[in-house]
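Here's a quick briefing to go with the protein you're about to look at. Keep the 3D view open and follow along topic by topic.

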Amino acid sequence: MDKTCENTFFKGKNDWVDATNTAVLYPTEVKTWVLNIDSRFRDQAQSTSSTDFFIRLPRVYKNVISLKLSSVELPNTWYSFSKSNGDTTFLLDGNLVTIDEGNYDPTALAAAVKAEVNGVSGFGSTDVAFDPLTGKITIDNTLSGTPFTMEFGSAQNCGTTAVAGSSSFAPYSAGLGYLMGFTSQKYTGKDIYTAEYIVDTLRDNYVLLQLPELEMMMDSFSFNSTLIRAFAKITVNVPKNELIYVDAGDMITRAISFPQPTNVAGFRVRLVDAFGQPINLMANFSFTLELQEVVSTKVFEAYRNNLTC
């Protein structure tokens, strides 16, 4: 057996070794291409979402053996409280209470809920307050002394007269109630309620980048062992309306190796939340990919066949 071949590709007969991570691959064997993917340049940009689109590359990259995510530039502009996610409504004694979509801090959230609650007949004196010491919200109707019922759900199930429960894609999140810190779907029989959890005005601690046409390497488990596959997990580590910049050292799962050389001409890009629902970014984002393209016949054949020389 040729000694060079043995050291580069194989330890022994029929023992395949991926030498791209251990041996020196010269530019004449493998080339690395750096691609900037920007949602502004997606197909049909005027009629497609910036977080669910198809990107066509400037050329076909042939015999790609690895793909690496090296940076992400993502504006934190999506709403924490949105109608589509069921985070803006709840029922108060059967009356629908709705706050505006947008982003709130805990004090502003309590004030918004109070304004809408006070507009419901019989609840003009009800107080909704955020306690900065405990981090919790209290809804207090003791001034009138009348017990009341609150029901929390999602946009998919919340009607004008009843709440059937949480949504099919997020059963452990009771919409606005969950973000206010209330962990149950229904509260009844009392004239004052204090949330069990602290207020969550962020909603998303991370988002998932999906590249469905390419191999996705990370499994994210949601409710009932539901599997959401993704290429990378991106931590949301800046306040709203600021730019999330993530480099290679800050991402979880950022590189894949294909079992055989693969041609890449384009692919779908999706940015989703923990429940696999598309993020409504209302802006554009970008990321950087590094492709390794085989240009050596010897390396190509070794990858394709996984055979000894």
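**A pocket, a sheet and a strand**

The second largest pocket has a volume of about 250 Å³. Keep in mind that this is a predicted model. From the pocket we'll move on to some strands.

**The pocket**
- Lining the second largest pocket are 15 residues, and the closest to its centre are Ser82, Ser84, Asn85, Pro278 and Asn280.
- Sorted by class, that lining is made up of 6 nonpolar, 5 polar and 4 charged residues.
- How do you find a spot like this? Roll a probe the size of a water molecule over the atoms, and you'll see where empty space is left.

**An open sheet**
- Four strands make up an open sheet of 4 strands, in the order S6-S5-S9-S10 and with antiparallel pairing.
- At the edges sit strand S6 (95-98) and strand S10 (186-190), each of which pairs on one side only.
- On average, neighbouring strands of this sheet are turned by 20° against each other, direction ignored.
- Look at strand S5 (residues 89-92): S5 and S6 pair in the antiparallel sense over 4 bridges.
- Threonine 89 has threonine 98 of S6 standing opposite.

**Strand S16 and its partner**
- In a regular strand, side chains alternate between the two faces of the sheet.
- S16 pairs with strand S4 (residues 52-75) in the antiparallel sense, over 5 bridges.
- Isoleucine 244 in S16 is the bridge partner of leucine 74.

Notes:
Residues are numbered from 1 along each chain as its sequence is written. This is a predicted model: local features need pLDDT of at least 70, side-chain atom pairs count only at pLDDT 80 or more; totals for chains, interfaces and linings use all residues. Side-chain values use heavy atoms; hydrogens and water are left out. Two strands pair if DSSP finds at least two bridges between them. Helices (H or I, at least four residues) and strands (E, at least two) are DSSP runs, numbered from the N terminus. Axes are lines fitted to C-alpha atoms, for helices over the stretch in contact, and angles run from 0 to 180 degrees between N-to-C directions. On a 1 Å grid over the protein atoms alone, a cavity is a set of points where a 1.4 Å probe fits but cannot get out, and a pocket is an open set with protein on both sides within 12 Å along at least five of seven lines; lining residues have an atom within 4 Å of a point. Grid points are joined across faces, edges and corners, and a volume is the space filled by probe spheres set on the points. Ala, Val, Leu, Ile, Met, Phe, Trp, Tyr, Cys and Pro count as nonpolar, Asp, Glu, Lys and Arg as charged, and the others, Gly among them, as polar.
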